Each structure stands twice: as C-alpha cells, then as structure tokens.
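Please read the following briefing alongside the sequence and the coordinates.

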Amino acid sequence: MLFHRIVAELPLITLTLWLQSAGIAALIAWVRRALKGDSQTMSALRSATLVVRLAMAVVALHGLEILLWAIFYRWRCLPSWDSAIYFSASSYSTLGCNDVSLPSSWRTLGPLESVIGVLMCGISVSLLFAIVTRLINREERSSPKQGANVTHRSLVPRSFSCRQTTN
C-alpha cells in the first residue's frame, strides 16, 4: 500500500515542479523580451499592464497545476470531475474541504498537495517581486538627477548609528 502511494506521489510532485519551472522560465523570457525593446522608462500604465498580465499568467499556471492533481484524483480517487477539481483547488490553496474526502489509502495526497501548493505560490510571489523590483529600479536609474537640491535620508535613525560614542 505504501509503495503504490509513493509511485503515484513522486511523479505528481515531479510533474508539478517541472510545470512550475517551465512556466516560470517562459514568463521570465517573456518579461525580458517585453523590457528589452523599451527605452529606460516605461509609463506607469504600461508597467501596471505588464504586472497584471504577469499575475494572470501565474494564476493560469497554478490552474494547470491544480488540474494536474485533479486529473489524478479523478483517475484514482474521486467519482466526478467536479469533486476532483474542487478537492484539488482546496488542497492546493491550503483551504481544505469538509465535504469531499479521498479514500483512506490516498489521504496523504491532500496535505502533500498543500505543501507543494505553498511552495509553488512562494516561487510565483518571488517572481512577481523580482519583476516589480526591476521595474522600480529601471525607473530610478532613468529619472533625471536633480542636482544639489536632492537630499537622501537614511532609513536608520541617528540613534541607531553604529558609531561608538565616548563620554
């Protein structure tokens, strides 16, 4: 019984990781192409549109991963597509569900999918963060210098200075 679960779990985990990695790689290539042709600055609307499109693509990628797990649930565990997709989406998002449960021999798949879902969401958030950071840095590099009128303020208060004072 343990062997058949491991034989099913490892390919599901591996396929999910490959799907996420391939999707993220494709999105990175797409963003690089989108940013390459521009001059140093993009309008705020264009930057927002890029982030929205990227976020929508990430949501679609997670939908494919949920569907991958739902296909297995429908094939081996659950009687209908509705319950398989519902259970998979609930597990992937860590929401959980009370009204659908897997057969006792497959119950470890739900928590396993939750762990994988959290990991995949973390990877996606890191991609979004990196892209937004890159957009902000592009804007800062291309903004005109304002000369001596610009003052830079430290984020660390003077009372937290590293210098030692003597009495």
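In this predicted model, α2 passes α3 in a right-handed crossing, where right-handed means that the near helix is turned clockwise from the far one by less than a right angle, and left-handed that it is turned anticlockwise. Helices (H or I, at least four residues) and strands (E, at least two) are DSSP runs, numbered from the N terminus. Because the model is predicted, local features need pLDDT of at least 70 and side-chain atom pairs count only at pLDDT 80 or more, while totals for chains, interfaces and linings use all residues. Residues are numbered from 1 along each chain as its sequence is written, and side-chain values use heavy atoms, with hydrogens and water left out.

**Packing of α2 with α3**

- The axes of α2 and helix α3 (residues 81-92) cross at roughly 130° and come within 8 Å, axes being lines fitted to C-alpha atoms, for helices over the stretch in contact, with angles that run from 0 to 180 degrees between N-to-C directions.
- α2 and α3 are therefore oblique to each other; angles under 35 degrees count as roughly parallel, over 145 as roughly antiparallel, 65 to 115 as roughly perpendicular and the rest as oblique.
- On the α2 side, the contact (heavy atoms within 4.5 Å) is made by H62, E65, I66, W69, A70, I71, Y73 and R74, and on the α3 side by W81, A84, I85, F87, S88, A89 and Y92.
- The residues of the contact of α2 with α3 divide into 11 nonpolar, 2 polar and 2 charged, where Ala, Val, Leu, Ile, Met, Phe, Trp, Tyr, Cys and Pro count as nonpolar, Asp, Glu, Lys and Arg as charged, and the others, Gly among them, as polar.

**Packing of α1 with α2**

- Helix α1 (residues 2-36) packs with helix α2 (residues 44-76) at an angle of about 165°, and their axes are 10 Å apart.
- α1 and α2 are therefore roughly antiparallel to each other, and their crossing is right-handed.
- In the contact of α1 with α2, 20 residues are nonpolar, 4 are polar and 3 are charged.

**Residues within the helices**

- I24 is found in helix α1 and is buried, with a relative accessible area of 11%; buried means under 20% relative accessible area, exposed over 50%, and partly exposed in between (1.4 Å probe, protein chains only).
- Not counting residues up to four places away in sequence, I24 touches L61, I123, S124 and L127.
- I24 and I123 are 99 residues apart in sequence, and their C-alpha atoms are 8.5 Å apart in space.
- S47, found in helix α2, is buried with a relative accessible area of 17%, and S47 touches M42 and L135, again not counting residues up to four places away in sequence.

**Loop residue and cysteines**

- T94 lies in the loop between α3 and α4 (109-142), where its phi is near 65°, a positive value in a residue other than glycine.
- T94 is partly exposed, with a relative accessible area of 45%.
- C77 counts as buried at 12% relative accessibility, and C97 is buried with a relative accessible area of 18%.
- A search of the whole structure finds 0 disulfides, a disulfide being a pair of cysteine sulfur atoms within 2.5 Å.

**The chain as a whole**

- The protein chain has 4 helices and 0 strands, and its elements run α-α-α-α from the N terminus on.
- Of the 167 residues of the protein chain, 31% count as buried.
- Among the contacts in the protein chain with a separation of 6 or more, 67% are accounted for by residues 24 or more positions apart.
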